[in-house]
Amino acid sequence: MQKRVFAFVGLLALGTTSVVVLLRHRRTQRERREFAERYAKQLRAAREVHKQSLLGFSGDNVSHHSVDVSETEKDENGAVVHVIYGSESGNAEALAKGFAISLRDRGVQTALVDPSRWAYLEEYLYSNKENVPLFHPIKAAANGAARAPLVYIFIVATAGEGEPTGNFISLFHEMQLAVQKATTPTASSSAVASAADTPAPTATTRPELPFKDIYHAVFGLGDSSYKYYCRCATDTNTLLKKGGGINLHRVGFGDARSGLQEDVFDEWQEQVMKALEEKCGLVLTTGTRAPPKPEYVFRYLYAGATATPDAAGTTTTDAAPSSSATKADINTTKESGRIIAEPRENSIQPSPARLPFPPPPALLEPSLLNPARIRVLSKVQLTPPRDSDGSSVYRFCFETAGTGISYQAGDHLSIFPTNPPEMVARCAAALAIPESDLGVPVELCRLVPSRGLLHNVLPACVPLSVVLQCYVDLCGRPKKSTLRVLAKYCTAPAEQEEFFRLISLPAGHQGEEAAKSRKLRTVVDYLEKFPSCCCIPLGHLIEVMPRIQPRFYSIASDRLSHGTQVEIMVRVLTDGLASSYLGHRVHEGDEVFSYVRISSFHLPQRISEGRPLLMIGPGTGAAAMMGLCYKKEALMRKQPTAQYGPTMFLFGAQHRATEYFVEDEVRRWSMTPEEMRTWDAANQGSHAGVAAHRSKAQPPALLPTSVITHHDSAFSRDQEKKIYVTDLIEKHKDQIYDMLTSTCGGGCLVYLSGDASFMAKDVDRALSALLQNKGGMTRIVSLEFLRRMEADHRYLKDVY
Ligand SMILES: Cc1cc2nc3c(=O)[nH]c(=O)nc-3n(C[C@H](O)[C@H](O)[C@H](O)COP(=O)(O)O)c2cc1C
């Protein structure tokens, strides 16, 4: 009886729960649907209001300055070329901008599209996708108007491990879904198939292909040292092809490593323009040398005494001329009064902290957009300047407590460099920026038409001097797209001629020319050489200049041994933005902006059961190995009874006497446990013994074995015949072969860090040769062996 009651109660409870869950699910679905409909309606209404409001202004100025959306809307029935970019650090964006400018210059109506901010995509996502094919402007499709050719140009970088960039990923997934839906009608929309393995369509049930009638071309930016070189570009092209698109031109590949990315792009761009004429029937004019219109609105924000802020929030659509961007400019603004977003008194208050980056939101890890400020605890020069290039290696230790930064050995620490003050001064002088303007907060704004707002695209609202110091890269090699815009502003014909001649030279020749005349290594050099281009509005210059990008360094410590402190080893070169910043302008006690980029170059928790570890880290590649060894030591202290396998460390440098900067650490880790304990006791506070000092057990327990069981180093210039780490691989071939083929603890882990151009490839070849010679494998089999190790995350590379 009791059993029956229990069963009845159980069934009742189950039934009630199921009904509640079902009802909740239905309600959530209904709410989602209602929200989507409401949102789409609001979006349409807002657009309509915005369009009406634009008509009230002097339309000319607005349409030129409107960025992505209004161009798209305006050209629903025109032959619009959409240039869509996927960019993480700005290279693809710069190329896309340059292409859009060239197309507009040649009379083609062009929309430059950041897909993460594309109002059309937003609308598409909230529409009934069954009836609206991706990329077909919705309104044109809905009212059945005749359409001009639809052209989509994709300029996409590859990020992560062969993935689309953050701003492109959502559109990329929509493209995948659209293709999947058209080619596999029964597949569930949640299963996102990769471009490569989307099944073949069946002729009878297949709906219309999503990219039918769409002309497309794809240019990929990548780095040939990555395993998945330009993978995003090839995947995008495959999707477009599978979706029925019409290819305008073959995929272009720009390799960041070659230094010729822009030249390759220029050539590809020319071919695409030809194809636009031949295949799409567009008519391209010959182009002009008139300066292009800025995309963004630049404004000075006067708060307090310097000038009274415009209470109505009136802003200028013209970027302020660099030489007279003070009160006169404000007057012009008031008179012309072309874009009034809304009364925005609050928006003209500059950020009180005036830090170049807003602090990370509470509970979130610092990131590219919100880096943390970390303090330099110590800066130690590890090697004297090299004779050959004057460079030396420094070790930096930072304190990250209270910043939200967490990390482990193998991750990368980013550092945001700043331009040297003398460079900022030269730039300000060339552009004749008055001293008083440098302290005025400024904004570079994107117009958000659907909301009638101006959105600052700079990381924060900061004084102009901070923009010049922290945001625009004044020291890097100038981008052709920037130079082209500058050249167009030249008012002196002879200067303009010469400027264009220099830009048109292939990359190699530019260097020669620069050496012949005077050095033209930075944008500031060009501003000084061609003074008539300095009439460029300051906002436009800031818009077309590349942004300062953070530099990444392999972390040479581990959280287990170093707590909240993080160490890196940096080769400080005599020139270079980050090098001169870290080498000459950052001192102990200073703060730098930083965040951690998580990598997969990690030591797994399970390194016991005799698992072999092979670490190859010549030069500053040794930094990552130091981190891994610190972690290994800390793990061994935690689990002293586990059985640890052999660990071999191979190092290389030019000279032993001056460049063996990890010698202390390597020597200590190679000691027997007893020797190490004695050494630690005698060297309390030594840098190398940090893991022991921090160990919970005091005195620290005896380690089960040495941390490094075998090590060797190759110093290339200490003898007549040069030797490298690859020679060490050959020298220790028996042992390395045994390690590589061991199955203990899940198999050998190989870590390789350092130069990607030559060293990493040479090591690959040396390991392949070893497998052939010792294991009797053919070359193909040995390469497959290494490929499998990589696929299983047992051959890990941190190369640059
Ligand atoms: C974290 C990271 C991961 C990358 N992954 C790849 C990759 O898998 N394949 C590739 O070809 N390039 C890769 N790259 C190189 C970039 O695609 C290349 O530097 C490109 O010029 C960046 O363009 P962007 O500035 O527009 O983002 C990677 C770069 C970074 C910083």
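**Figure 1. A cluster of aromatic side chains in the predicted model.** Ring pairs join Trp118, Tyr120, Phe135, Tyr152, Phe154, Phe168, Phe172 and Phe211 into a cluster. The structure shown is a predicted model.

**Figure 2. A tilted pair of phenylalanine rings.** In this model, 32 aromatic pairs are counted. Phe649 and Phe651 form a tilted aromatic pair, with 6.3 Å from centre to centre and 35° between the ring planes. Phe649 counts as buried because its relative accessible area is 0%, and under 20% is the limit for that class. Phe651 is likewise buried, at 0% relative accessibility.

**Figure 3. The shell of residues around the ligand.** The ligand is surrounded by 22 residues, the closest being Ser87, Ser89, Ala92, Thr158 and Tyr228. By class, the shell comprises nine nonpolar, nine polar and four charged residues. At least two shell residues come from each of α4 (91–105), β3 (150–159) and β5 (214–222). The largest share, three residues, is supplied by β3.

Figure 4. A polar side-chain atom of Ser89 lies 2.5 Å from an oxygen atom of the ligand. Backbone N or O atoms also take part: one of Gly160 is 2.8 Å from a ligand nitrogen atom, and one of Gly162 is 2.8 Å from a ligand oxygen atom. Of the 640 Å² of accessible area that the ligand has on its own, the protein covers 85%.

Note on methods:
Residues are numbered from 1 along each chain as its sequence is written. This is a predicted model: local features need pLDDT of at least 70, side-chain atom pairs count only at pLDDT 80 or more; totals for chains, interfaces and linings use all residues. Side-chain values use heavy atoms; hydrogens and water are left out. Rings of Phe, Tyr and Trp (its six-membered ring) pair if their centres lie within 6.5 Å; planes under 30 degrees apart count as stacked, over 60 as edge-to-face and the rest as tilted. Buried means under 20% relative accessible area, exposed over 50%, partly exposed in between (1.4 Å probe, protein chains only). A residue is near a molecule or strand if one of its heavy atoms lies within 4 Å of it. A polar contact is a pair of N or O atoms within 3.5 Å; within protein, one must be able to donate a hydrogen and the other to accept it, and residues adjacent in sequence count only if both atoms are side-chain atoms. Accessible areas come from the Shrake-Rupley method with a 1.4 Å probe; for residues, only the protein chains shown count as cover. Helices (H or I, at least four residues) and strands (E, at least two) are DSSP runs, numbered from the N terminus. Ala, Val, Leu, Ile, Met, Phe, Trp, Tyr, Cys and Pro count as nonpolar, Asp, Glu, Lys and Arg as charged, and the others, Gly among them, as polar.
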